[in-house]
Amino acid sequence: MAENKTRPTAQSVAEFIAAVEHPTRRADAQVLDAMFRRVTGWTPKMWGPTLIGYGQYHYTYDSGRTGDFLATGFSPRKANLVLYIMPGYKDFGSIMDRLGKHKLGKSCLYINKLADVDLDVVEELIKAGIDDLATRWPVTPS
């Protein structure tokens, strides 16, 4: 069975954020890093070349596939900010309705810039996502 390609690396989170080319995206990444640290109480790690992760969890799917992945986090991509805050198990519609301009993936939240959303609601989503994830898999701090 194939191993998860996205794993923790020794790359510096601060250096990665500092190297983000777009100034708004870089500033938003600094705000998100501070927010995720405050909400989770965890020190981030880079996962692969572009994901900033806080905490991790070990999973075992019905298929038998096992692995580890970041519990929550984000990636400042060229097109938008991608937040990995919704494990995909629970409907967060009541929170999402208050968020502001965004797009959803299965367990990802896409935001063009933080100015488009309510940051208090982002914090609420981070906490709700971790709480929901922890009901299914053991979550450990980083």
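Is Y84 buried or exposed in this structure? Before I answer, let me say that we are looking at a predicted model, in which local features need pLDDT of at least 70 and side-chain atom pairs count only at pLDDT 80 or more, while totals for chains, interfaces and linings use all residues. Residues are numbered from 1 along each chain as its sequence is written, and side-chain values use heavy atoms, with hydrogens and water left out.

Now to the answer: Y84 counts as buried because its relative accessibility is 14%, where buried means under 20% relative accessible area, exposed means over 50% and partly exposed is in between, using a 1.4 Å probe and protein chains only. Y84 is found in strand 4, and here helices (H or I, at least four residues) and strands (E, at least two) are DSSP runs, numbered from the N terminus. If we leave out residues up to four places away in sequence, Y84 touches L51, L70, A71, T72, G73, F74, S75, R77, S107 and C108, with contact meaning heavy atoms within 4.5 Å. The side chains of Y84 and R77 are also joined by a polar contact of 2.9 Å, that is, a pair of N or O atoms within 3.5 Å, where within protein one must be able to donate a hydrogen and the other to accept it, and residues adjacent in sequence count only if both atoms are side-chain atoms.

Y84 and T72 are 12 residues apart in sequence, and their C-alpha atoms are 5.3 Å apart in space. The side chain of T72 reaches the backbone oxygen of Y84 at 3.1 Å, and T72 itself counts as buried, because its relative accessibility is 1%. Beyond residues up to four places away in sequence, T72 touches F36, T40, I52, G53, Y54, Y84, I85, I126 and I130.

Let me turn to the nonpolar cores, each a set of buried Ala, Val, Leu, Ile, Met, Phe, Trp, Tyr and Cys residues joined through side-chain atoms within 4.5 Å. The largest of them has 35 residues, and those with the most contacts inside it are L32, L83, L109 and L125. Several elements each supply at least two residues of this core, including helix 1 (13–18), helix 2 (23–40), strand 3 (66–76) and helix 4 (119–134), and helix 4 gives the most, with 7 residues. Apart from this core lies another, of 6 residues, among them W47, L70, Y84 and C108. As for L32, leaving aside its neighbours within four places in sequence, L32 is in contact with F74, L81, L83, L114 and V122.

How do two of the helices sit together? In general, two packed helices are described by the angle between their axes and the distance between the axes. Helix 2 and helix 4 pack at an angle of about 50°, with their axes 10 Å apart, where axes are lines fitted to C-alpha atoms, for helices over the stretch in contact, and angles run from 0 to 180 degrees between N-to-C directions. That makes helix 2 oblique to helix 4, since angles under 35 degrees count as roughly parallel, over 145 as roughly antiparallel, 65 to 115 as roughly perpendicular and the rest as oblique. The residues making this contact include V31, L32 and F36 of helix 2 and V122, I126 and I130 of helix 4.

Helix 2 also holds D33, which is buried, with a relative accessible area of 11%. D33 touches V13, I17, P44, Y54 and F74, not counting residues up to four places away in sequence.

I will finish with P8, whose place is in the segment before helix 1. P8 is partly exposed, with a relative accessible area of 40%, and, leaving aside neighbours within four places in sequence, P8 is in contact with K45, M46, W47 and Q56.
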